[in-house]
Amino acid sequence: MNAVFKTFLALIRLPGYPGISLAMFLSGIASSFAVPYTSLFGATEAHMTPVRLGIFMTLTAVSSVIVSTYLGRIADRRTDKKRIVLLSIAGSALGYALLCVTRNYVLLTIFGCVFLSIGAAVFPQLFTFGKARLHAEGIEHTEMPMATLRTTLSCAWVFGPAAGAIVLGVSGFNGLFLSAAGAFAVAGFIVLCMREPTAYDSYEAADKTTSEIPQQAKNAHVYAALVSFTLIGMGSAIATIMLPVLIVDQLHGTTAHVAQMVGLGAFAEIPMMLLLGGAARRINKANMIAFASLSHIVYFAGIALAPDL
């Protein structure tokens with residue numbers, strides 16, 4: 001316990017780390033408010049059919065991939081990374097605020113494809129900005145600080161969905177999405193007040209020069225990894241979209257049950273994040289990814305076979 005406390009004190013003393021941690025936490029709270037209930041919003045509040053809901057979520061997801069990739073490439077080539085972070089946070093805040101003003105399917109789809117897709121870059125860009133700050137301060141080994149940032153995000157998802165369920169019950173979807181937009185706005189203000197790193201060391205320079213895959217690395221192993229991560233991401237996306245609908249519509253649960261399921265999963269992530277962050281240099285990455293894929297298979301099989309809550 002004493003070692004954990006000393007590590008915590010060392011981290012909060014890092015320049016810029018408390019601010020980026022708070023921005024990460026607030027952004028996590030905002031996303032944990034909105035994301036688990038977006039599919040429920042489409043099915044119940046906007047009265048989308050299953051086909052329309054699938055199209056809405058798919059178009060938003062595809063747009064998010066395209067925009068996030070584009071913003072990531074821009075961020076890799078620029079030193080003023082804070083602007084990209086602020087743009088992505090603004091996209092999330094505006095996107096969720098606009099979901100409150102209409103239930104028209106076409107407009108909702110446009111808002112999702114434009115603003116929420118920009119907002120999808122929030123967390124990758126926050127991690128990039130945080131790592132750049134650490135590198136600019138001369139900190140070479142960033143595994144533990146970055147792992148604790150991921151843990152901060154998981155902590156937000158532990159109780160965020162439960163708090164979101166309470167807000168949803170009290171003020172409906174408008175109150176829920178406005179609360180998420182407000183949390184993103186506060187996170188953006190914190191980032192706005194932070195200092196842009198003025199110097200980047202060789203690690204950042206290496207990142208910029210290696211953003212493209214070298215010709216000799218374009219082989220079967222790279223493409224196999226690409227396919228694997230795509231499949232893992234697809235499974236996670238399907239779970240995020242359909243699990244709330246499954247719980248409420250087919251298993252006859254409530255939003256409180258959705259919050260419990262999402263929060264329990266986030267809680268279980270915390271010790272894993274800290275463990276992997278501390279042992280990142282000693283663990284075989286391929287074996288760990290294979291184990292994670294196996295856990296996905298067990299998880300989805302359990303959901304498919306579950307007779308009730």
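The following paragraphs describe selected side-chain interactions in this structure. The model is predicted, so local features require pLDDT of at least 70 and side-chain atom pairs pLDDT 80 or more, while totals for chains, interfaces and linings use all residues. Residues are numbered from 1 along each chain as its sequence is written, and side-chain values use heavy atoms, without hydrogens and water.

A search of the whole structure finds one salt bridge (a side-chain nitrogen of Lys or Arg within 4 Å of a carboxyl oxygen of Asp or Glu). The side chains of Glu 45 and Arg 103 form this bridge, at 3.4 Å from N to O. The pair links distant parts of the chain, 58 residues apart: Glu 45 belongs to helix α2, and Arg 103 to the loop between α4 (81-98) and α5 (105-119) (helices are DSSP runs of H or I, at least four residues, numbered from the N terminus).

Eight aromatic pairs are found in the whole structure (ring centres of Phe, Tyr or Trp, the latter by its six-membered ring, within 6.5 Å; planes under 30 degrees apart are stacked, over 60 edge-to-face and the rest tilted). Among them, Tyr 96 and Phe 177 are stacked, with 5.8 Å between centres and 25° between planes. This pair joins helix α4 to helix α7 (residues 143-193) across 81 residues. Tyr 96, at 9% relative accessibility, is buried, and Phe 177 is buried at 0% (buried means under 20% relative accessible area, exposed over 50%, partly exposed in between, with a 1.4 Å probe and protein chains only). Tyr 96 and Phe 177 also belong to one aromatic cluster with Phe 41, Phe 173 and Phe 184.

Key
Helices (H or I, at least four residues) and strands (E, at least two) are DSSP runs, numbered from the N terminus.
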